[in-house]
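Biologist: I would like to learn how to read a model like this one. Could you take me through it feature by feature?

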Amino acid sequence: MLTVENIEVVFNSYVLVLKGLSLQVRSGAITALLGTNGAGKTTTLKAISGLLGTEDGEVTRGRITYGGEDITHMAADRRVAAGLMQVMEGRRIFQDLTVEENLRIGGYLERDGRKIASRRELAYDYFPRLRERRNQIAGFLSGGEQQMLAIGRALMSGPQVVMLDEPSMGLSPVLVQEVCDIVLRLNREQGLTILLVEQNARFALAVADYGYVLEDGKVVLEGAARDLRHDQNVQEFYLGAGANDRGRFSSVKWYRRKKRWV
Amino acid sequence: MSWSSLLSLIVNGVVVGSVYSMVALGFVVIYKTTRVINFAQGELLLVGAYVCFALTVSYQLPFWVSFLMTGVFCGTLGYIIERVVLRRVVGDPIVSVIMITLGLSIVLRAIVGAVFGVNSQVIPSPIPDGAIMVGGVPVSYQYLFSMAFSLVAMIAFGAFFRWTRLGLAMRATATDQQAAMAMGIDVGRIFAVSWAIACVVSAVGGVLLATISGVNLGVSHFGLKVFPAVILGGLDSIVGAAVGGVLIGVIENVADGMFKSLLDIDGFRDVAAFALLVVVLMVRPYGLFGQRAIERI
Amino acid sequence: MSSGEFIVRHEQALRLFPTKWGRVRIAVAVALVLAFPIFANSYQLGLANLIFINIVAVLGLNVITGFTGQISIGHGAFLGVGAYASAYLVSVVGVPFLLAVPAAGLVAAVVGSFFGIPSVRLKGLYLAIATLAAQFILEFVFKGWTSVTGGTSGMSAGAPHIFGYEIHGDLPFYWILLAAAALALLFVRNLTRTATGRALMAVRDHDLAAEIMGISLFRTKVLAFAIGSFLAGVAGALWGHYVGYVTPEQFGLGLSISLLVMVIVGGLGSVLGSVLGAIFVTLIPEALTTGATMLVPDASRLTDMLAFLREGLFGALIIVTLIVEPAGLAARWERIKMYWSLYPFAR
């Protein structure tokens, strides 16, 4: 459904961040993107949602297609209209606006009042706490509630693909579990296609069907989530298992070489 | 100084202040959405006033028709200015953008001067002559009309930002541009629309001013008076801009009158607002109503 | 150009003019400026004098805005403070010219520091407006303090004497103003390699971080305003004596704006940029006037129109320059140098 073919992204016309990255998001599935800080996960999402321009970045090579259409250089608002929605890292709700106004902004491109109302009800059904706080200023919500608002806001545009960037960031384990459940329910019940970017690999691989591991702007490993869960490299570098006896300084070199999957 | 002369100073101040309010409103709209400090706001007022003047006097159109046409013209002008000039400097350092708007103000003033000359012009008012007495001071219908008109305009804009889809999108853009973009808001269009709105509001202020006391090129200093007004009112709110504008109008008028009658010093009008401003900034750096911005490293 | 020179020690990088070609270029510039009076007529000398005054003033503003990152829209009024102070000292008190000019600079520095105090707590728009307020308040003082300034009609600046000789006419002033500009250039250039200069730039780049590093924000920002207004005061004083008369109109908002234009068009935080900006912005209106009179030979009937045309073109030029080269002429110069040092491989 969504295909990224061999893209290169350059910032400030000389910093090469993505170096020929390819991935596929299948319709109705949850796809996870894993990787350390600076691996290029967020940049990949922004390339897909068209938000690179505000950061002086651009896709210089390769192409991104969505439903068969080339969207590599399409304007961000047209991608939203086409059904691609990104929930940005750090929630990025509109702090000065009320909860309800935030949701209305989410449905900005939808002009049919009934559809907006029904989507709003859907968002409130998934996140009952938002309904309680509908008239509060969003900046005063707690971190978990803000994340819920961010996801609820994304639902308002009636998207087909939702890209979640680090939804677990800054949340307690209980809340992470809650977000995890809701992501799964949205996928099962609403048939949403989800592209999930996470550093919390345990969470991501628990919900995802398929996963990609990014490093230094490239995909270094991919496979079904259950295979990745048992992959030795992923276990070692992202799930923190089996590396105990190799934590010595003398083995660092080996670790680095190993990590590049050469 | 007698009570009645003080009262008439205040009334005059409110009328001039309502024009300040309009210009300040335009300034705040641009600043909030695009973060551009617009030094050409006063020139936009000038353009509005002179276009309306040309339409009513030279082309003999009825006042309301030319008023409407002025609005449309200025809206388009603002839209074009954003598209052609300011779009290209998005993200440049703040000083450069300030210089661009200063350049813009020079160009606009020169164009108005070249087309309309340097003489003061008055738009014949549609409001009949006459006055009502308030506390022993005559207040002309014309004054009442312009105060009421600015009030209605303020309320209309408040409602626009609160309830309409576009107004909401503009507020969202003001809060977080990138997130607004991710919501499918065409941020570039919002920028252009906010310039269009700012131009229209300033033009309305200009037309009101031209019917009350006439305009000449010197009136563009209204654009500078906006700064004390918005600082007093706080940059965050439409209401603040309106209140700040009226406040500045009254303060400078009364202070000017005082200086003239008590100390025999002329020309304090242009300084009063700024002198007050310096005091305010020393005591409360973020204005009377403004919120203190918290900065994190 | 400057390729093939390797800076291997810290002291080398800290030199006033680190590269050989840099020194050659300076020498050529100095030679040209020294030789200029030989083939220049009095109109051209007058323009050069104006440029020198502007260079001093712009350097001052560059210290405030370019190095320290504090916007000042009241710089023109600081020039005025210097001009009035020096005029008063020379013509009323009878202080010698050579003493009066730096003294006027000091007066301007005191006034400038006072208006710089809000900068400790204010940023961006708020600071811009506070300095704008300084502009209006000072203008009001120039007009209102009649016993000292002569009010709206202004005052005579008094004839400057150096060691008993009266300075009069474009050529003697050419040397004096050239010396002043050269001193100011050396001073500001030198400032960039001192601890104070680095403190200013640290404040510009991130004031909170600078404060954590132990730089006193209050001291640094006020110092920047003091240095900047000192140079402004000197420029104003020289200008007053050069023109012979001081009026409030000279130091209006228009002057502040054109000084800002010079700094920004030239290049923020660049000494070379100040020079280029001063030259460019001083010469443009002249060029526009010349061009206009050539196009319309019988200009007398159209003076108003021409004035507006000139003004409009000037504004348009500011806009175009900033759109094409937001980092200023100095950045363009760096790029030209880069192009030639990499020639033929550069794009």
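Biologist: What should I know about the model itself and its numbering?

Modeller: This is a predicted model, in which local features need pLDDT of at least 70 and side-chain atom pairs count only at pLDDT 80 or more, while totals for chains, interfaces and linings use all residues. Residues are numbered from 1 along each chain as its sequence is written, and chains are lettered from A and ligands numbered from 1 in the order in which they are written.

Biologist: Which residues of strand β8 of chain A are buried?

Modeller: On one side of β8(A) they are Thr193(A), Leu195(A) and Val197(A), and on the other Ile194(A), Leu196(A) and Glu198(A). Six of the six residues of β8 (residues 193–198) are buried, so this strand is largely enclosed by the rest of the structure.

Biologist: Which way do β7(A) and β8(A) run, and how many bridges join them?

Modeller: Two strands pair if DSSP finds at least two bridges between them. β7(A) and β8(A) run parallel and are joined by five bridges, with Met163(A) opposite Leu195(A). Strand β3 (residues 30–35) of chain A also pairs with β8(A) in the parallel sense, over five bridges; here Ala32(A) has Leu196(A) as its bridge partner. Then there is strand β6 (residues 84–87) of chain A, which pairs with β7 (residues 161–165) in the parallel sense over four bridges. In that pairing Met85(A) stands opposite Val162(A). Leu84(A) and Gln86(A) point one way from β6(A), Met85(A) and Val87(A) point the other way, and all are buried.

Biologist: What is the strand order in the open sheet of chain A?

Modeller: The order of its four strands is β2-β1-β4-β5, with antiparallel pairing. β2 (15–25) and β5 (69–70) stand at the edges with a single partner strand each, so one side of each is left without a neighbour in the sheet. Strand β1 (residues 2–11) and β2(A) run antiparallel and are joined by eight bridges, and Val10(A) stands opposite Leu16(A) there.

Biologist: How do I describe two packed helices?

Modeller: Two packed helices are described by the angle between their axes and the distance between the axes. The axes are lines fitted to C-alpha atoms, for helices over the stretch in contact, and angles run from 0 to 180 degrees between N-to-C directions. In chain B, helix α9 (residues 222–233) and helix α11 (residues 269–283) pack at an angle of about 35 degrees, with their axes 10 Å apart. Residues are in contact if their C-beta atoms, placed from the backbone, lie within 7 Å. Among the residues that meet are Pro228(B) and Ile231(B) in α9(B), and Phe274(B) and Leu277(B) in α11(B).

Biologist: Which pair of chains has the most contacts?

Modeller: Of the two pairs of chains that touch, chains B and C have the most contacts. There, 39 residues of chain C are in contact with 37 residues of chain B. Elements that give two or more residues to the chain C side include α6 (124–144) and α14 (303–324). As for chains A and B, their contact takes 21 residues from chain A and 16 residues from chain B.

Biologist: How far apart are the closest C-alpha atoms of chain A and chain C?

Modeller: They lie 14 Å apart, and no contact joins these two chains.

Biologist: Which domains is chain A divided into?

Modeller: Domain bounds come from an automatic or database domain assignment. For chain A that gives domain 1 (2–83 + 160–259) and domain 2 (92–157). Their C-alpha centres lie 25 Å apart, and the contact takes 10 residues from domain 1 and seven residues from domain 2.

Definitions and conventions:
A residue is buried if 20 or more other C-beta atoms lie within 10 Å of its own, exposed if 12 or fewer, and partly exposed in between; C-beta atoms are placed from the backbone.
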